[in-house]
Amino acid sequence: MSRRTSTPPPRGLASSRERFQVRADRVRRRPWRLTAWVLAVLALVAALVWLVAFSPVLAVRTVEVVGVPADEVRPIRSLAAVPLGTPMARVDDTAVADRVRQRATLANVSIERSWPSTLVIHASPRVPVLVAKNPQGQLHVVDSRGVAYAQVRTAPKGVPMVHTASEAALSRDALMAAVDVVEVLPKALQKQTANVTVSGANLVTLRVRGTTVVWGGVGQPEKKLTVMTALLKGRPKLIDVSAPDTPVTR
């Protein structure tokens, strides 16, 4: 029987040449692989940018308004003016919110993207704190920030009314002084209070149980209330609590 003889692995110089050739081939292929990976990543990024920013797949199909009464929805959508079909990523949230804020009856506005195709406008209406009646008899609804945001024919039920001595007394600072009074008076005392008059930011007066009270402006409302309540027991004609640490009675 014949014996098979195996070829011994290359040794010495031949083996070194073979290993060198393998390494050289790998080095030559490396830039091509890197280029291919870079091109693949760029293609993926481009596809994602197109999908998000330009394609109709993630475009606005619905504008939803939440947080307000039903009769406010259509006017808010109209002010938002968001064209359907606009890619969601390209909607300018700030611009949309600024347009919606033009509606004076709204206190807060924010925009949310609900992917893939709904733009949500969150809005909250102003809450009336008082009604300011100007010298011409017009009624202005005022919120807790002193903003006169609506003119009405009839005061909302349960909202206290104040009188403004002039058009200047309808300024935000002057109305905040009136808000200061209205918000601190307890319900029982409100029923005994008449003719709350705003003359300016530093001068609010009222009649309580027949006594004229000079309240002053914004600041220390709880302390003013405490002092006024104590002094009312003496039934004076006038109480001045504009500086509650040094009140005056007559």
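In which sense do strand β4 and β5 pair, and over how many bridges? I looked this up before anything else. β4 (residues 130-133) and β5 pair in the antiparallel sense over four bridges. I take strands as DSSP runs of E of at least two residues and helices as runs of H or I of at least four residues, numbered from the N terminus. Two strands pair if DSSP finds at least two bridges between them.

**Entry: the source.** I am reading a predicted model, where local features need pLDDT of at least 70, side-chain atom pairs count only at pLDDT 80 or more, and totals for chains, interfaces and linings use all residues. Residues are numbered from 1 along each chain as its sequence is written, and side-chain values use heavy atoms, with hydrogens and water left out.

**Entry: the whole protein.** I noted six helices and 12 strands. Of the 250 residues, 34% count as buried; buried means under 20% relative accessible area, exposed over 50%, and partly exposed in between, with a 1.4 Å probe and protein chains only. Contact means heavy atoms within 4.5 Å. Among contacts with a separation of 6 or more, 49% come from residues 24 or more positions apart.

**Entry: the sheet.** I traced an open sheet of nine strands with mixed pairing, in the order β6-β5-β4-β7-β8-β9-β10-β11-β12. Its edge strands, β6 (148-152) and β12 (248-249), each pair on one side only.

**Entry: around β5.** On its other pairing, β5 runs antiparallel to β6 and is joined to β6 by four bridges. V142 stands opposite A148 in β6. This hairpin also has five residues between its strands, and G146 in the turn has a positive phi of about 80°. I then checked the faces of β5 (residues 139-142): L139 and V141 on one side are buried, and so are H140 and V142 on the other. In a regular strand the side chains alternate between the two faces of the sheet.

**Entry: β8 and G200.** β8 and strand β9 (residues 203-208) pair in the antiparallel sense over five bridges, and A194 stands opposite R207 in β9. G200 lies in β8 (residues 193-200) and touches A169 and A174, residues up to four places away in sequence not being counted. G217 is 17 residues from G200 in sequence, and their C-alpha atoms are 8.1 Å apart.

**Entry: helices.** I found that the axes of α2 (residues 70-80) and α3 (residues 93-100) come within 8 Å and cross at roughly 130°. Axes are lines fitted to C-alpha atoms, for helices over the stretch in contact, and angles run from 0 to 180 degrees between N-to-C directions. The two helices are therefore oblique to each other; under 35 degrees would be roughly parallel, over 145 roughly antiparallel, 65 to 115 roughly perpendicular, and the rest is oblique. I76, L79 and A80 of α2 make the contact with V96, R99 and V100 of α3.

E72 is also in α2, and E72 counts as buried because its relative accessibility is 13%. Leaving aside neighbours within four places in sequence, E72 is in contact with R103, T105 and L106.
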